[in-house]
Amino acid sequence: MMAAAEYSPLTTHVLNTGDGVPAARMALSLHRLDSKLMIWSMLSVGTTNTDGRCPGLIGREAFSPGMYKLRFETGSYWESLGQTSFYPYVEVVFTISDREQRFHLPLLMSRFSYSTYRGS
């Protein structure tokens with residue numbers, strides 16, 4: 001579950017660039033790779049708010065160096081708008097080496113493309 005009002009060192013912002021609006025009500029999940037077993041473990045799930053943000057992804061105490069992925073349920077989002085999409089989901093895999101830093105991972109998307117970058 002999401003860490004309610006707790007400060008999250010990892011944030012995201014999803015924008016529907018095709019329509020020029022935040023992607024509200026998109027389901028997403030955060031996972032961490034167990035490097036010994038090579039298995040992804042789900043850490044939290046959430047839904048973007050009306051501004052396309054999902055606060056409380058992970059608490060500072062649970063945020064440790066390693067490989068993570070954010071999975072965005074883009075297909076379901078587009079379906080909820082009565083549209084189809086080429087991508088049923090988007091997974092962004094990234095590595096955290098310094099847990100003291102703040103990480104922002106935006107997703108800019110349309111029905112047929114997406115891009116992301118590391119913000120701060």
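Visitor: Is Lys69 buried or exposed?
Guide: This is a predicted model, and the class of a residue is read from its relative accessible area, with under 20% counting as buried. Lys69 has a relative accessible area of 9%, so by that cut-off Lys69 is buried.

Visitor: With which residue does Glu91 form a salt bridge at 3.2 Å between the closest N and O atoms?
Guide: Glu91 is partly exposed, its relative accessible area being 31%. The partner that comes to 3.2 Å, taken between the closest N and O atoms, is Lys69. Glu91 belongs to strand 6 (residues 90-96) and its partner to strand 5 (residues 66-72), so that the pair links distant parts of the chain, 22 residues apart, and the name asked for is Lys69.

Visitor: How far apart in sequence are the parts that Arg71 and Glu91 tie together?
Guide: Arg71, partly exposed with a relative accessible area of 22%, forms a salt bridge with Glu91 in which the closest N and O atoms are 3.3 Å apart. Because Arg71 lies in strand 5 and Glu91 in strand 6, the parts tied together are separated in sequence by 20 residues.

Visitor: Over the face of which residue does Arg71 lie?
Guide: Besides its salt bridges with Glu73 and Glu91, Arg71 is placed over an aromatic ring, at 3.7 Å from the ring centre. The residue that carries this ring is Tyr89.

Visitor: Are the rings of Tyr77 and Trp78 stacked or edge-to-face?
Guide: The structure holds six aromatic pairs. In the pair of Tyr77 and Trp78 the ring centres are 5.1 Å apart and the planes stand at 75 degrees. Tyr77 is buried at 4% relative accessible area, and Trp78 is buried at 1%. Since planes over 60 degrees apart meet the cut-off, the arrangement is edge-to-face.

Visitor: At what angle do the ring planes of Phe86 and Tyr87 stand?
Guide: Phe86 counts as exposed, with 58% relative accessibility, whereas Tyr87 is partly exposed at 26%. Their ring centres are 5.0 Å apart and the pair is edge-to-face, because the planes stand at 85 degrees.

Visitor: Which residues are linked into a cluster by ring pairs?
Guide: A pair of aromatic rings is described by the distance of the centres and the angle of the planes. Ring pairs of this kind build a cluster whose members are Phe63, Tyr68, Phe94 and Phe103.

Visitor: Which residue stands opposite Leu15 in strand 7?
Guide: Strand 1 (residues 10-16) is mostly covered, six of its seven residues being buried. Seven bridges join strand 1 to strand 7 (residues 103-109), and the two run parallel. In this pairing, the residue opposite Leu15 is Leu108.

Visitor: Which residue in the turn between strand 1 and strand 2 has a positive phi?
Guide: Two bridges join strand 1 to strand 2 (residues 21-22), running antiparallel, and Leu15 stands opposite Pro22 there. The two strands form a hairpin with four residues between them, and the turn residue with a positive phi, of about 70 degrees, is Gly20.

Technical notes
Residues numbered from 1 in each chain as written. Predicted model: local features only at pLDDT ≥ 70, side-chain atom pairs only at ≥ 80, totals over all residues. Heavy atoms only, no water. Salt bridge = Lys/Arg side-chain N within 4 Å of Asp/Glu carboxyl O. Buried < 20%, exposed > 50% of the residue type's maximum accessible area, 1.4 Å probe, protein only. Pairing = 2+ DSSP bridges. Phe/Tyr/Trp six-rings, centres within 6.5 Å; stacked < 30°, edge-to-face > 60°. Lys NZ or Arg CZ within 6 Å of the ring centre and 35° of its normal.
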